[in-house]
Amino acid sequence: QVQLVESGGGLVQPGGSLRLSCAASGNMFSTYVMRWYRQPPGQLRELVATIGSGGSTNYRDSVKGRFTISRDNAKNTVYLQMNSLKPEDTAVYYCNIQFTNLWGPGTQVTVSS
């Protein structure tokens, strides 16, 4: 069973930056399409960004130009660089392997002054 572990969350002021990491176990990481989701307080989980096995990326409109998803297959890790953070980015962030119900425990991101 593949396991996912997110890290890198925290409290940051509006306009600040954070870099989230998601480490995956196993030896098939390079073949996975990886996704970052987030769940704001009291809301449903929403897709934030996707990166294909070949490195193609896709973002939800509200984070385009501010967030960057990337991957390091040698480290079995996917990243989410978040810049120009806004209070509405506050959420628990999760990574996921596309077409699976595999989730990590999540990492809390709070954007507040």
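**Strands, rings and a loop**

Author: Let's start with a strand pairing: Gln39 has Val92 in β9 as its bridge partner. Strands here are DSSP runs of E with at least two residues, numbered from the N terminus, and two strands pair if DSSP finds at least two bridges between them. This is a predicted model, where local features need pLDDT of at least 70 and side-chain atom pairs count only at pLDDT 80 or more, while totals for chains, interfaces and linings use all residues. Residues are numbered from 1 along each chain as its sequence is written, and side-chain values use heavy atoms, leaving out hydrogens and water.

Reader: In which sense do β4 and β9 pair, and over how many bridges?

Author: They're antiparallel, with six bridges. β4 also pairs with β5 (residues 46-51) in the antiparallel sense, over five bridges. There, Trp36 has Ala49 in β5 as its bridge partner. The β4 and β5 hairpin has six residues between its strands, and Gly42 in it takes a positive phi near 70 degrees.

Reader: How do I read aromatic pairs, and how many does a search of the whole structure find?

Author: A pair of aromatic rings is described by the distance of the centres and the angle of the planes. Rings of Phe, Tyr and Trp (its six-membered ring) pair if their centres lie within 6.5 Å; planes under 30 degrees apart are stacked, over 60 edge-to-face, and the rest tilted. The search finds two pairs. Tyr37 and Trp103 are edge-to-face, 5.0 Å centre to centre with 70 degrees between the planes. Tyr37 lies in β4 (residues 34-39) and Trp103 in the loop between β9 (91-97) and β10 (107-111), so this pair ties together parts 66 residues apart in sequence. Tyr94 and Trp103 are edge-to-face too, at 6.2 Å and 90 degrees. Together, Tyr37, Tyr94 and Trp103 make one aromatic cluster.

Reader: Is Tyr94 buried or exposed?

Author: Buried means under 20% relative accessible area, exposed over 50%, and partly exposed in between (1.4 Å probe, protein chains only). Tyr94 has 12% relative accessibility, so it counts as buried. Tyr37, at 16%, is buried as well, whereas Trp103, at 30%, is partly exposed.

Reader: Where is Asn76 found?

Author: Asn76 is in the loop between β7 (67-72) and β8 (77-82). With 15% relative accessibility, Asn76 counts as buried. Beyond its neighbours within four places in sequence, Asn76 is in contact (heavy atoms within 4.5 Å) with residues including Cys22, Gly26 and Phe29.

Technical notes. Helices (H or I, at least four residues) and strands (E, at least two) are DSSP runs, numbered from the N terminus.
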